[in-house]
Amino acid sequence: MISWRKHYKQTLIAIGLLLSTSASIYGQDGDPKNGEKLFKANCTACHALDKQVIGPPLKGVVERVKTEGGVDKDWLHKWIKDNKALRASGDKYANEIFEKFNKTEMLQFPNLTDKDIDDILAFTTNPPAPEPPKADKATATDGAAAPADKTTSSVVIISLLAIAALLVWILIKLRQLVKLGQSEDLAGLNATRVKSFSEIYEKYHYVGKAVLGILALLAAYGVWNWIMWIGVYKGYKPEQPIYFSHKIHAGEQKIDCQLCHSSAKYGKVSEIPSMNVCMNCHRTISEYNADHYMEPGKDKAFYDGEIQKIYAATGWDPAKQVYTGKTQPVEWTRIHNMPDFVYFNHSQHVVAGEQAIINSFNKKNPNNKIDVVCKACHGKIDTMNVVQMANDFTMGWCIECHRTTEVDMNNGYNKEYFKNLHDKLKKQYPQDGGKITVDAIGGLECGKCHY
């Protein structure tokens with residue numbers, strides 16, 4: 001009896017120790033949800049869970065390093081915090097990984113605590129199930145309403161056609177009834193009516209000449225107006241070979257215009273960025289994260305397909321993380337293009353006239369203000385999914401801007417250089433309170449824009 005009680009107590013103690021150990025292990029496993037946040041903030045530039053980016057895929061990395069290198073989580077802590085020091089210590093497995101991935105050195109993360117690293121490893125071991133994509137309310141509503149709208153439109157058109165046919169039939173019947181009921185006097189009167197255009201013109205030739213003169217003037221004005229708008233393509237938005245949303249890049253992601261259009265500030269032309277500029281980001285961004293924005297009518301698969309077009313154009317193999325050398329030219333369609341006889345320098349406007357143009361635009365458009373000089377001419381690009389010509393780009397449009405834009409006398413780029421000129425202009429135009437517009441410094445001279 002005593003022996004049984006002794007073994008019973010030992011069994012209870014063993015079970016208690018096992019449970020406490022299990023609880024301790026579970027506590028060290030980390031929080032996958034917090035790990036996901038840390039992973040996105042620190043790791044996604046070089047790693048993905050299920051595929052190689054710059055570094056290897058990290059799903060199941062704890063088990064993988066244990067199998068391949070015979071190391072545990074403590075080794076991973078050392079590797080993540082300072083892999084360079086770990087390699088310098090002569091760690092065999094650390095140096096094997098370094099050699100395997102073309103001696104690409106991983107960043108050090110000494111700022112991450114042991115708990116942070118445990119959370120990240122917990123996420124790579126047991127990532128939370130992805131949330132279902134949020135349905136686009138506008139798209140869903142439009143999709144549901146489309147069939148009903150189409151049916152309603154068809155019914156309305158058919159009804160209108162039926163009513164029109166009924167009215168024509170009634171008019172024909174009424175005309176027949178009127179003819180049947182005509183008296184002899186009315187029949188004789190109809191016989192004496194003027195029946196030819198020449199007789200009408202002879203009778204009312206003065207009125208006819210006046211009408212023809214007015215019509216000729218209207219025709220001449222129409223031809224003139226048509227000629228003046230040749231080459232004006234406001235609203236032009238062609239379809240491009242690779243879909244690029246400025247709203248996603250410049251609007252949602254807040255990417256500065258000059259990061260891609262680097263020559264706009266110091267060059268004559270704002271060039272089309274090369275595909276290498278795209279690859280600066282998309283080498284590691286191989287799929288679209290649709291959590292922050294999804295354009296109505298488009299889905300994640302569409303955006304991912306456009307990213308694959310970038311890889312095809314640059315000859316990038318995302319699986320092997322190497323360039324194949326097989327590139328394809330991208331035939332972009334130019335949207336803004338000045339005629340050959342017009343001289344326009346981007347740097348002159350972006351550098352010398354930046355603040356003046358912004359101030360002038362915001363003064364004229366208090367309810368539609370801009371913060372970047374590019375928007376004065378190109379419109380609010382950061383709100384456009386498909387870029388279009390936002391203005392006329394005519395000579396009159398440019399002249400109006402030169403007549404109303406005040407010269408920024410305090411511009412740091414030219415304040416001292418043009419000091420004497422500015423003092424002279426203030427004396428020359430005292431009636432405007434010292435406000436000098438671009439036309440006063442030669443902004444309307446023909447040779448400034450035509451050469």
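Helices (H or I, at least four residues) and strands (E, at least two) are taken as DSSP runs and numbered from the N terminus. The structure is a predicted model, in which local features need pLDDT of at least 70 and side-chain atom pairs count only at pLDDT 80 or more, whereas totals for chains, interfaces and linings use all residues. Residues are numbered from 1 along each chain as its sequence is written, and side-chain values use heavy atoms, with hydrogens and water left out.

Helix α6 (residues 114-125) takes part in a crossing with helix α4 (residues 73-88), the two axes coming within 10 Å at roughly 110°. Axes are lines fitted to C-alpha atoms, for helices over the stretch in contact, and angles run from 0 to 180 degrees between N-to-C directions. Helices α4 and α6 are therefore roughly perpendicular (65 to 115 degrees). In this crossing, Lys73, Leu76, His77, Ile80 and Lys81 of α4 meet Asp114, Ile117, Asp118 and Leu121 of α6, contact meaning heavy atoms within 4.5 Å. By class, four of these residues are nonpolar, one is polar and four are charged; Ala, Val, Leu, Ile, Met, Phe, Trp, Tyr, Cys and Pro count as nonpolar, Asp, Glu, Lys and Arg as charged, and the others, Gly among them, as polar.

The axis of α6 also comes within 7 Å of that of helix α2 (residues 32-42), with a crossing angle of roughly 100°. This makes α2 roughly perpendicular to α6. The contact of α2 with α6 comprises six nonpolar, three polar and four charged residues.

The second largest pocket has a volume of about 800 Å³. A pocket is an open set of points on a 1 Å grid over the protein atoms alone, where a 1.4 Å probe fits, with protein on both sides within 12 Å along at least five of seven lines; lining residues have an atom within 4 Å of a point. Its lining has 36 residues, with His47, Pro56, Leu58, Trp79 and Met106 nearest the centre. Two or more lining residues come from each of α3 (61-69), α4, α5 (92-100) and α6. Helix α4 gives the largest share, six residues. The lining divides into 23 nonpolar, seven polar and six charged residues.

Terms used
Parallel < 35°, antiparallel > 145°, perpendicular 65-115°, else oblique. Points joined across faces, edges and corners; volume = space filled by probe spheres on them.
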